[in-house]
Amino acid sequence: MTIEDVKNILGARVIWGAEYMDREVYTACGSDMMSDVLAFVKDHSVLLTGLCNPQVIRTAEMMDIVCVIFVRGKIPDESIIALAMEKEIPILTTGHRMFSACGMLYENGLHGGAPYND
Amino acid sequence: MKMDFMGVHHIMTDRITLNYEVSAEDFTRAGEASSDVKKKLKQMGVEPSTITKVAIAMYEGEINMVIHAQGGQINVVISPDEVLMKLADRGPGINDIEKAMEAGFSTAPDNIRALGFGAGMGLPNMKKYSDEMQIETEIGKGTTVTMKVFLS
């Protein structure tokens, strides 16, 4: 699916990056802990998070995340939006809680990566 | 955290040295050095999965310098066959390296967890994404982490 599809499924609002809505999305990842996000390499993934600070965008940058979605109605501040613009990472916000938002995407065919194997 | 870019030195045409000063004053700027290295590797046409390895390993290290230490210096040498990262902090040192390497073990306070770090994955992630890693630490003096990622 595309970021546009993700946006429609979650009834999300685009905070920045409307011109990137046709980017392809293969997987999704939901976490408030950035080190957990960094633990698994992702391919064309969106990041759902309730954490709202610039390190979310930095983490997304390092992982080549295609889009960041803030859950529970979180609105990023100007510094976060400015960094997202600089890194060309679109950001959305949805009123849904983390579990619901992940569930809605999963139900529509967007899955996470392989399970953890030590 | 404050990060001052200290310049690029072309020692030979095939070898690049990058130096960064990382200070722990502004958490929001943590990661700027890693971001710069990632950008340079991309410009050099390094394979994307290798860039990801360098970016994650160095970013976790840079975050560690900000949350556990009082900042320090990062020295990166990019040569044709490897990326060498040396992160030297002025922090308290690591008491038990073996324990610190365990996934999930963290000494980070709650305010750091609230920022999305301190899950005890920093050093394990650095080890996971680098091809070689070495830690030298001295209590009260600081810690130097050296990591290598091979370029295929």
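Reader: Which side chain makes a polar contact with the side chain of Ser34(B)?
Author: This is a predicted model. In it, the side chain of Ser34(B) makes a polar contact at 2.5 Å. The cut-off for such a contact is 3.5 Å. The partner is the side chain of Glu62(B).

Reader: Is Ser34(B) buried or exposed?
Author: Ser34(B) sits in helix H1 (residues 32-43) of chain B. Its relative accessibility is 1%. Buried means under 20%. So Ser34(B) counts as buried.

Reader: Which residue of chain A is in contact with Ser34(B), leaving aside neighbours within four places in sequence?
Author: Take the contacts of Ser34(B) beyond its neighbours within four places in sequence. From chain B they are Ala55(B), Met58(B), Tyr59(B) and Glu62(B). From chain A there is Met62(A).

Reader: What kind of aromatic pair do Trp16(A) and Tyr20(A) form?
Author: The structure holds three aromatic pairs over all chains. In this one, the ring centres are 5.8 Å apart and the planes are at 50 degrees. Planes under 30 degrees apart count as stacked, and over 60 as edge-to-face. The angle lies between those limits, so the pair is tilted.

Reader: Which residue lies over the face of Tyr20(A)?
Author: Tyr20(A) is buried, and so is Trp16(A). Over the face of Tyr20(A), at 4.5 Å from the ring centre, lies Arg23(A).

Reader: How many residues apart are Phe27(B) and Phe117(B)?
Author: Both Phe27(B) and Phe117(B) are buried. Their rings form an edge-to-face pair, 6.2 Å centre to centre, with 70 degrees between the planes. Phe27(B) is in the loop between strand E2 (15-23) and H1 of chain B, while Phe117(B) is in the loop between helix H4 (110-113) and helix H5 (122-129) of chain B. The pair links distant parts of the chain, and the two are 90 residues apart.

Reader: Where in chain B is confidence lowest?
Author: The mean pLDDT of chain B is 90. Confidence is highest in strand E4 (residues 82-89) of chain B, at a mean of 98. The lowest mean is 52, in strand E1 (residues 2-12) of chain B.

How values were computed
Residues numbered from 1 in each chain as written. Chains lettered and ligands numbered in written order. Predicted model: local features only at pLDDT ≥ 70, side-chain atom pairs only at ≥ 80, totals over all residues. Heavy atoms only, no water. Helix = DSSP H or I, 4+ residues; strand = E, 2+ residues; numbered from the N terminus. Buried < 20%, exposed > 50% of the residue type's maximum accessible area, 1.4 Å probe, protein only. Polar contact = N/O pair within 3.5 Å; in protein donor to acceptor, adjacent residues only side chain to side chain. Contact = heavy atoms within 4.5 Å. pLDDT = per-residue confidence, 0-100. Phe/Tyr/Trp six-rings, centres within 6.5 Å; stacked < 30°, edge-to-face > 60°. Lys NZ or Arg CZ within 6 Å of the ring centre and 35° of its normal.
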